[in-house]
Amino acid sequence: MWKGTLVSIHVASAATAPVESVQEARAVPGKGIEGDRYFDGRGTYSNHPGTGREVTLIEIEALEAARRDYQIELQPHETRRNLVTRGVPLNHLVGKEFRVGEARLKGLRLCEPCSHLEGLTRKGVTAAFLHRGGLRSVVVGEGVIRAGDTIEETSSSKTDD
């Protein structure tokens, strides 16, 4: 069984606003992370129907692989994902519940990179992060999350395998 770590937390106040790192934040069901653009309905895709915009996650290992395999150097905040993890198999968490600190999340689908992200960062990002661009999730249990928190699959999710 795996147990991962929350490396960092990132929020942006509006669609293309700079992403800032914070040490802690509150995750709220139906809203996402307080202080983030999607929490307040000011994200790029806020006016488009769909789920999975409450909280996005990416593995630090994906950033390391992009640097190694594609010579694409991105800092964690540049991915525009809310949570950066280490030791968490995000692709395997689609349809599963997991705990990040005090909060409970549920993985909905992969967060594939898009031309919008590449336009905000640099050429080659879409290819470098294909199938390792992270996870889109919803908050199912409110709580405070802090950089350094443990991330683990919940017991209710483990029995669903």
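The questions and answers below take up a few labels used for this predicted model.

Biologist: Why is Gln 71 called exposed?

Modeller: Its relative accessibility is 62%. The cut-off for exposed is over 50%, so Gln 71 counts as exposed.

Biologist: Where is Gln 71 found?

Modeller: Gln 71 lies in the loop between α1 (60-70) and β6 (83-86). The C-alpha atom of Gln 71 is 8.8 Å from that of Ala 128, and the two residues are 57 residues apart along the chain.

Biologist: What makes the approach of the Gln 71 side chain to Arg 68 a polar contact?

Modeller: The side chain of Gln 71 reaches the backbone oxygen of Arg 68 at 3.2 Å. A polar contact needs a pair of N or O atoms within 3.5 Å, one able to donate a hydrogen and the other to accept it. The distance of 3.2 Å is therefore within the cut-off.

Biologist: How do you know that β7 and β8 pair?

Modeller: Pairing needs at least two bridges. β7 and β8 have four bridges, so they pair, and the sense is antiparallel. Phe 98 stands opposite Leu 105 in β8. The hairpin of these strands has two residues between them, and Gly 101 there takes a positive phi near 60°.

Biologist: What makes β8 and β9 a pair?

Modeller: Six bridges join β8 and β9, against the required at least two, so they pair as well, in the antiparallel sense. Here Leu 110 stands opposite Leu 135 in β9.

Biologist: Why does one side of β4 and of β10 lack a neighbour in the sheet?

Modeller: The open sheet has three strands in the order β4-β3-β10, with antiparallel pairing. β4 (32-33) and β10 (143-146) stand at the edges with a single partner strand each, so one side of each is left without a neighbour. Four bridges join β3 to β10, and Ala 25 has Ile 145 as its bridge partner in β10.

Biologist: Which residues touch the most other members of the largest nonpolar core?

Modeller: Leu 57, Leu 83, Phe 98, Val 100, Leu 105 and Ile 145 do, out of 21 residues in that core. The largest share, three residues, comes from β1.

Biologist: What is Val 100 in contact with, leaving aside its neighbours within four places in sequence?

Modeller: Its contacts include Leu 6, Leu 83, Leu 105 and Ile 145. A second, separate core has 11 residues, among them Ile 58 and Val 125.

How values were computed
Residues numbered from 1 in each chain as written. Predicted model: local features only at pLDDT ≥ 70, side-chain atom pairs only at ≥ 80, totals over all residues. Heavy atoms only, no water. Core = buried A, V, L, I, M, F, W, Y, C linked by side-chain atoms within 4.5 Å. Buried < 20%, exposed > 50% of the residue type's maximum accessible area, 1.4 Å probe, protein only. Contact = heavy atoms within 4.5 Å.
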